[in-house]
Amino acid sequence: MLQLKQPLQMMFVSQEWSSCAWAKKAEGKDMKKIVMNNTFWPSVVYSIKTTKPLVHVLRIVDDEKTQAMGFIYGTMDEAKETIAKNCDGDLSIY
């Protein structure tokens, strides 16, 4: 989603959006407010920084080809370190 920030914002200011039926509905107006709000995007970045390492751990645990128990503790430590690094070591953030 973060990679689509600029195209999403451009969509909401386009003439096509203005003439679209969704632009007049409450849901469309609410979505435009979210996408155009500059406080929304740092939340997206934070979500990526903190959840991506956890999703990696879950994928390892869910993998049926590999025995996860032997790797889970090391992988969890790696995830914690990655999250700390992504948050610049600021404990109050994570």
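K80 and D77 form a salt bridge in which the closest N and O atoms are 3.6 Å apart; the term denotes a side-chain nitrogen of Lys or Arg within 4 Å of a carboxyl oxygen of Asp or Glu. The structure holds one such bridge. This is a predicted model, in which local features need pLDDT of at least 70 and side-chain atom pairs count only at pLDDT 80 or more, while totals for chains, interfaces and linings use all residues. Residues are numbered from 1 along each chain as its sequence is written, and side-chain values use heavy atoms, with hydrogens and water left out.

K80 and D77 are three residues apart in helix α5, so about one helical turn separates them. Helices (H or I, at least four residues) and strands (E, at least two) are DSSP runs, numbered from the N terminus. D77 is partly exposed, with a relative accessible area of 40%. On this scale buried means under 20% relative accessible area, exposed over 50%, and partly exposed in between (1.4 Å probe, protein chains only).

Aromatic contacts come next. A pair of aromatic rings is described by the distance of the centres and the angle of the planes. Rings of Phe, Tyr and Trp (its six-membered ring) pair if their centres lie within 6.5 Å; planes under 30 degrees apart count as stacked, over 60 as edge-to-face and the rest as tilted. The structure holds two aromatic pairs, listed here.

| Pair | Centre to centre | Angle between planes | Class |
|---|---|---|---|
| F12 and W17 | 4.7 Å | 80° | edge-to-face |
| F40 and W41 | 4.9 Å | 75° | edge-to-face |

F12 is buried at 3% relative accessible area, and W17 is buried at 12%. In the other pair, F40 is partly exposed at 22%, whereas W41 is buried at 3%. W41 is placed in helix α4. Between W41 and T82 there are 41 residues of sequence separation and a C-alpha to C-alpha distance of 21 Å.

A further ring contact involves a charge: the charged end of K25 sits over the ring of W22, 4.4 Å from its centre. The criterion is NZ of Lys or CZ of Arg within 6 Å of the ring centre and within 35 degrees of the ring normal.

Helix α4 (residues 40-62) also contains T50, which is buried with a relative accessible area of 12%. A polar atom of the T50 side chain lies 2.9 Å from the backbone oxygen of Y46.

Y46 also contributes, with L91, I93 and Y94, to a nonpolar surface patch of about 400 Å². Patches are made of residues with over 30% relative accessible area and no salt bridge; like charges are joined within 9 Å, and nonpolar side chains (Val, Leu, Ile, Met, Phe, Trp, Tyr) within 5 Å. Accessible areas come from the Shrake-Rupley method with a 1.4 Å probe, and for residues only the protein chains shown count as cover. I93 is found in the segment after α5 (69-86) and is partly exposed, with a relative accessible area of 36%.

The C-alpha atoms of M1 and I48 are separated by 9.9 Å, with the two residues 47 apart along the chain.

Terms used. A polar contact is a pair of N or O atoms within 3.5 Å; within protein, one must be able to donate a hydrogen and the other to accept it, and residues adjacent in sequence count only if both atoms are side-chain atoms.
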